[in-house]
Amino acid sequence: MSAVGLGVHFTSAPLPQQQPLQQQQQHQQQQPAPFALPPPPPPPPLLPTATLCPVQDCIICMEQLSNPSSYETPPSEEGGQSIAPEAVGKFIKCGHTLHMLCMLAMYNNGTKDGSLQCPSCKTIYGEKTGTQPKGKMEIYSVAQSLPGHPDCGTIQIIYSIPPGLQGPEHPNPGQPFTCRGFPRFCFLPDNDKGRKVLELLKVAWMRRLIFTVGTSSTTGEHDTVVWNGIHHKTEMMSNLSGHGYPDPNYLDNVLSELASQGVTEDCLKPPGSGSSS
Ligand SMILES: [Zn+2]
Ligand SMILES: [Zn+2]
């Protein structure tokens, strides 16, 4: 997948004859799709057309946008489209500006998973997906309360992943991977916040972000299924391991870990129900 179009407006450096397009731009910003590539170049909002000097810097190379990017067009970008060194873009949501070639270089140096993260404010564009192997996520309700959450029951998540062969997205394609400690049992308090975390974990599961294939930090084993930075509570009745309850900060911590993978409450809204409605 090409990076071109990942939530970045193609624009060109502001030109003297540019017309005010602010209304049109506002309309574009209400579109839920982050992949918009609107042809008319929107000027920076609130910038009077008399202000001609593009004083903003590229958030990647830190050069002024009036200077061309020092990155070169990759030799065989999909579709053979070429990008001029002076082409600049602007992230739709956060408004940070950058050279298109700098953006492309950043994308090509990353995981190329179809998403792009603003290096300045960490806003994620597109949908970040992971490399979690095929498996099953089951959810059960348990009457017993967790330590620290005496006023509600417990949500139990059971993850099952069978061993298999690594795909091209894994460290050693074609080689087998192992699965230690599956099924894995995880616990959340069955309250409003816990249920919100559960819904976001379902999104993360669908996007293959909960597990990955790599090296276990506890055993050092290679080519095995490991957690992928979204912490789970695998102990129900104590917290001796640090992976249990009580832990008053856990739900907030896991919400920020989910957010760092691009999984936020926005993902739970039905498509089209933007903040404007
Ligand atoms: Zn740049
Ligand atoms: Zn930004």
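**Exposure, cores and backbone geometry of a predicted model**

With 11 C-beta neighbours inside 10 Å, Lys122 counts as exposed. The cut-offs are as follows: a residue is buried if 20 or more other C-beta atoms lie within 10 Å of its own, exposed if 12 or fewer, and partly exposed in between, with C-beta atoms placed from the backbone. The model is predicted; local features require pLDDT of at least 70 and side-chain atom pairs count only at pLDDT 80 or more, whereas totals for chains, interfaces and linings use all residues. Residues are numbered from 1 along each chain as its sequence is written, while chains are lettered from A and ligands numbered from 1 in the order in which they are written.

Lys122 sits in the loop between strand S4 (115-117) and strand S5 (124-126). Helices (H or I, at least four residues) and strands (E, at least two) are DSSP runs, numbered from the N terminus. The phi of Lys122 is near 75°, a positive value in a residue other than glycine. Arg208 also is not a glycine, yet has a positive phi of about 65°. The loop between helix H3 (192-206) and strand S11 (211-214) holds Arg208. Arg208 counts as partly exposed, with 19 C-beta neighbours inside 10 Å. Most residues other than glycine have a negative phi, and most peptide bonds are trans.

Cis peptide bonds were found at two prolines. The bond from Phe182 to Pro183 has omega near -5°. Pro183 lies in the loop between strand S9 (176-177) and S10. The bond joining Tyr245 and Pro246 has omega of about 5°. Pro246 is placed in the loop between strand S12 (224-227) and H4.

The largest nonpolar core has 26 residues. Such a core is a set of buried Ala, Val, Leu, Ile, Met, Phe, Trp, Tyr and Cys residues joined through C-beta atoms within 7 Å. Leu200, Leu201, Ala204, Ile210, Val225, Ile230 and Leu258 have the most contacts inside this core. Two or more residues come from each of strand S7 (154-160), strand S10 (184-189), H3, S11 and helix H4 (250-260). H3 gives the largest share, five residues. Beyond its neighbours within four places in sequence, Leu200 is in contact (C-beta atoms, placed from the backbone, within 7 Å) with Leu258, Val263 and Cys267. A second, separate core has 20 residues, including Leu65, Phe91, Leu101 and Leu116.

Helix H2 (residues 100-109) has seven of its ten residues buried, so H2 is largely enclosed by the rest of the structure. The buried residues of H2 are Met100, Leu101, Cys102, Met103, Leu104, Ala105 and Tyr107.

Two strands pair if DSSP finds at least two bridges between them. The bridge partner of Ser141 in S7 is Ile155.

Ser70 occupies the loop between helix H1 (22-30) and strand S2 (88-91). Ser70 counts as partly exposed, with 13 C-beta neighbours inside 10 Å. Ser70 and His99 are 29 residues apart along the chain, and their C-alpha atoms are separated by 9.3 Å.

Technical notes: Two residues are in contact if their C-beta atoms, placed from the backbone, lie within 7 Å.
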